[in-house]
Amino acid sequence: MIRRAVLGIYSLLIVVPLVVIVGGSFKTTPDLFADPFGPPVNPTLGNYTTVLTGQGLLGVLGNSLFVVLISVPVTLLLGSLVAFAVARLPKWQSRILFGIFALGLAVPAQAIMIPQYVQFERLGLRNSLTGLILVNIVVTLPVAVFILAGFMRTLPGELYEAAEIDGAGPWATFWRIAVPVSYPSIAATAIFLVVMHWNDLLYPLLFIDDPAKRTLPLALLDFQGEYLTEYPLLFTGVVVASLPMILAYAFLQRHFVAGITAGAVKG
Amino acid sequence: MKFKLWFFAAPALVLYGGFFLLPAVQGLRYATTDWDGYSPTFTEVGLANLTDVVSDDDLFRNALTNNLKFLLAVVIGQTALALLLAVLLAARSRASTFLRALFFLPTVLSSVSVAFIWKFVYDPNFGLANNLLDLVGLDSWKSAYLGDESTAILWVAVAQVWFHAGQMMVVYIAGINQIPEELYDAAKTDGAGRWQQFRHVTWPMVAPATTLVIAYTTLQSFKAFDLILGLAGNPPRAGLDVLATRIYSTFANSQLGYAAAESIVFMAAIALVTWLQNRAGKAVHR
Amino acid sequence: MTTYSRRNLLKLAAGAGAASFLAACAGPGGDSATKAETSGDLSFAHWRAEDKEVFEQIITEFQKSKGVAVRQDISPSNDYQSTALQKLRGGSIGDAFTAFRGAQFLDIAKAGVSTDLTGQSFLSKYEPSLITAGATGGKQYGVPYQLVFNTPLANTDLISKAGLGEAPKDWQGFLALADKLKSQGVTPIAWPGGDAANAGQLLNIMVVNNAPTDDALGKIETGEFKVTDDWFLTVLKQYAELRPYFQDSATGTSSDAALALFAQGKAALLATGSFQVSGVRKLGATFPVDLLAPITTTADKAKYEGVFNATFILGVNSKSAKQDNARAWIEHLSDPAVAGVYANGTSQHVTVKDVEYTNADLKALAPWLTRKTALAPRFQFTNLDIRGAVENATVAVAGGKSPEQAAEEAQKVIDQKR
C-alpha cells in the first residue's frame, strides 16, 4: 500500500508539470492564466509557428546538431586513445597519465571559465562554433577517459598480447581489438557526451555572442527576454528543445540509462 | 616500445593541457591583479584579492552559505529519495521497468528547460504550486517560493532533486541487484522484518553506491549554474546566489582579477568538502 | 611513409598549439582580438523586446531609403546589463547598440567601445538638456533616445473609484489612498519584487524627496553617505509601511506577473514606470492610465512630483566594420517623423525635438513632460554589486526584515565593494 502510494505520488510529481507544460504550449497566455491545469480549450498552434519561424530556431537546432556531431566523435576518439594507453602502459606511467585526466574530474568548468574566456578571446576562438566544439571536447575528456579507461583496464592483457604476437602494432591492436571489444562502454560514453554537449549552457553563454551561432539551451534562455516570460511560448521552446532528446531516450532507453549513469558515477 | 603509447595520448594531452590545465594555472596569475578584462593596463595587488574573498566579502560568503545549504539539502534529499525509489523498484516487473524509465526522464532534459518548468511551478501569482494548494484547500501553505529570501535556495534544491533523483536511483538499483539473495534469506530466517532487512542487509551492502551518489551529487551541487540562472535570472538575487553565479556576476561587473581569485577559493571549497566527505565516509564504514 | 607523415602532423599540431598557447599566455592587460564583422545585416543590439515590432517597421523604411538591412539582437534587460559590454567588445553584435544610463554607459565608453559622436549633425535634432547623459569627459559618446517616467502607473478608473479627486500630496495621503483601495478589494500596488531589474524602479521615487541631495545614491557609492543614515532609514521604513499594500508574495513576483495583475484591473498601481504602458495595452487593458507618485514627505518638503529617465543610449561600436551604416541608422532614428513612429508605436516619449505624440497614452502622460520631475537616481550607481546590495535591502524590508538590520547588512557590502 505504502509502496503504491509513494510511487503514485512521485509519478504525479514527474508527470503533472510535464503535462501542464505540453498542454500550455497549445494555449494562449490568458487561457493559461485562467486555467493552468485543464486541457487547452481552444488549442492553438500559434506558439509553435511563432517559436519556429520568429526565432530562427531551425538554424539554432542546426548549430546544436553540428556541435554535437563533431565534438562527440572527436572526444570519443581522443578519449579512447588515451584509455588504450592507460590500459597498456607500464603501471607507473599509466598512473601518471590517468592521474592527469582524473585531476580534471574534480575541477568544475565554472572554476576555470574566466581564464578560458580570455584565452579563447585572444586566440579568436570565441564566438565561433569551432571554439565551442574545442571547449566541449576539452571539458568532457576527463569523464570520457575515466569511463573508457575503467573499461579497457579490465580487459585481460592476453587479448592484446595475442594480437601483438601476430605482428600487429599498437595502432592495429587499438582498432582491431580494443575498440570493438569496448563497444558497450564506448556507446555508453557517446550517449553521456551527447546529453552533456546538447544541454550545455555555460560555454554557449560565455562564448557565443552572435544570435546566428546560438545553440538550443542559449536560445531557450534568451526566450525570457524576447517574450517577457510569456509562459506558453517558453513552454513551446521547452518542448521543441527537449523533443529530440526525449525521442532518442524513448528508443534507446537502456543505453541512455547506462550512459548517463556511467557518466554520473565516473564524472 | 611501450613509450609509443604516449603518442596515442598526445593529441588529447595537448588539447587538454592547453585549454584546461593551462587556463587553470593562468587563473592564479589573473588573481593577483585588478584587471578589469578589457583595459591594456592593470595593477598588481598581490594576495589582496584572495584575502578579500576569504575574509572581507559578504556577497561571496552569502553565496558560499547558499551553496552549502543547497548542497546539504540536495545531498540528503536526493540520496534518500533515490534510495527509497530504488528499494521500491529493484524487483523486476513490467510496472517497475516503466516507472524507472519515467523517473529517469527529467535527466535527459536541459537544465534551462527544467528551470523554466519550475519557474512556472513557483510563480506565486499564476503558478502551479499555489494554484494547486488553493485547489486542495491548503491556502495557508502558499508561499512566495523563490521570493522568500531565507528559503529560496531550498526551493531550487527541490527542482534539482526532481531533475536528478532518477539518475541516482539507477545507481542504487544496480547496487541493490548485486546483493546476493542469500543474505536476505538468512535475515528472514532470523526473523527480520522489512525494515530490519533494509537496515542490516541493504543499507550496508549499498555503501559503495552511497559513496558514489554522494560524491557525484556534491560536485553537481557546486555546478548548479544553469538551473539558477534559468530560475532566478541574471544576475540572481542574494537569496539565490551560489558560488558559480557569484563568479559570473563578478566577471560581468568587469572585475576579472577578482573573479579569478573567487574561482580559486571556489576550487579550494570543493576540495575541502570532498576531503571532509571522504573522512566522514571512512569513519562511517569503519 | 604514412607513419612518418602522421608523426609530422603531430609535431605540427604540437608546435602550432604551443605557439598559440604562448600568445594566449601573455597574462592580463593588452588589447584583444581584431575587428570582427557581424554576419550579414547591420546588428542593432538592445533590450526592448516590447519594441521589436515597431523597430521592424522602422527598419523596413530604413532599408527602402538606404538599402541597409538591420537585424535586432535583443537580450533581456538584466542580461543586457551584465553581458552587453563583453559582447560588444567582441564586435560580433551591436554595430549600433544601446546602453543603460549610468554604470553601463560609462563602462562601455571607458572600454573604448563607443565612438565619439560629437559634432554629428543629427545631434541638433535632440533636446540638448535630455542628452547630457550620453556625454562623458566632454565628448558625446551616445544619445539617449527614450524619455521614460520611472514613476508608478495608475489605473485611473480604480483611483477615482477610491473617491479621491486628485493625487495625494504627502505620505499620509498616499497611505490613506492605499488603505481605501485595499478596503475596496483592490491590490493597491503591484510590485515586481522578484525581478531585480524592475524591483529597483520603485526606489527612484522613494528616494528623490527623502534624499538630502540630488546625487545622494551616488554618494552612497562613494562613501559620503551611508544607507544607515537617517534619510535612507526613512526610505526603508516607508517600504515597511507599504508591506500590506503590495500584492501577496510580492518579493517573488516576476515583472510579467505584476504587469498582468495591473492589466487585469486587480491592482491599482504598477510600481515600475511608463515604459510598461505598451505591455499593459498588449494584455488587452482598456482603462485610462496616468502616473501616480507616492510623495514620501509632507507636502511642503516635496521637491519632486515624479521621476524621469533619459536612457536607451544609442551608440556606434568602435569595433564594428560597419560604422558608417550604424551612424546612418542612428541618424534615421533621430528624424522627428521616425521618432514619432517609435514613440507612438511603443507608448514612450523620446528625446527628439518636435515629435508629434498622437498615441492616447502619450497624450495622457504629456503633462508630465513639464512637471517637476527628478532624473532617476538609481542609475547613479556605477558598481552593480553596490546597486544590488541597496536594492536588495528594499526587497528584504518589503519581505519582512527590519529596516535597521537590512541597512546594516547592505552597508557592510557597500563598504567591502567600494
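This is a predicted model: local features need pLDDT of at least 70, side-chain atom pairs count only at pLDDT 80 or more; totals for chains, interfaces and linings use all residues.
Let me start at the interface, where 64 residues of chain B are in contact with 63 residues of chain A, contact here being two residues whose C-beta atoms, placed from the backbone, lie within 7 Å. On the chain B side, helix H1 (residues 5–30) gives the largest share, 15 residues, and that side as a whole divides into 49 nonpolar, eleven polar and four charged residues.

Residues are numbered from 1 along each chain as its sequence is written, and chains are lettered from A and ligands numbered from 1 in the order in which they are written.

Chain A itself has 14 helices and zero strands, helices (H or I, at least four residues) and strands (E, at least two) being DSSP runs numbered from the N terminus. Of its 267 residues, 57% count as buried, that is, with 20 or more other C-beta atoms within 10 Å of their own, C-beta atoms being placed from the backbone.

Turning to chain C, helix H4 (residues 103–110) is largely enclosed by the rest of the structure, because six of its eight residues are buried; among them are Phe105(C) and Ile108(C). The buried residues of H4(C) pack against several elements of chain C, including helix H3 (77–90) and strand E11 (306–316). Just after H4(C), Gly112(C) takes a positive phi of about 75°.

Terms used:
A residue is buried if 20 or more other C-beta atoms lie within 10 Å of its own, exposed if 12 or fewer, and partly exposed in between; C-beta atoms are placed from the backbone. Ala, Val, Leu, Ile, Met, Phe, Trp, Tyr, Cys and Pro count as nonpolar, Asp, Glu, Lys and Arg as charged, and the others, Gly among them, as polar.
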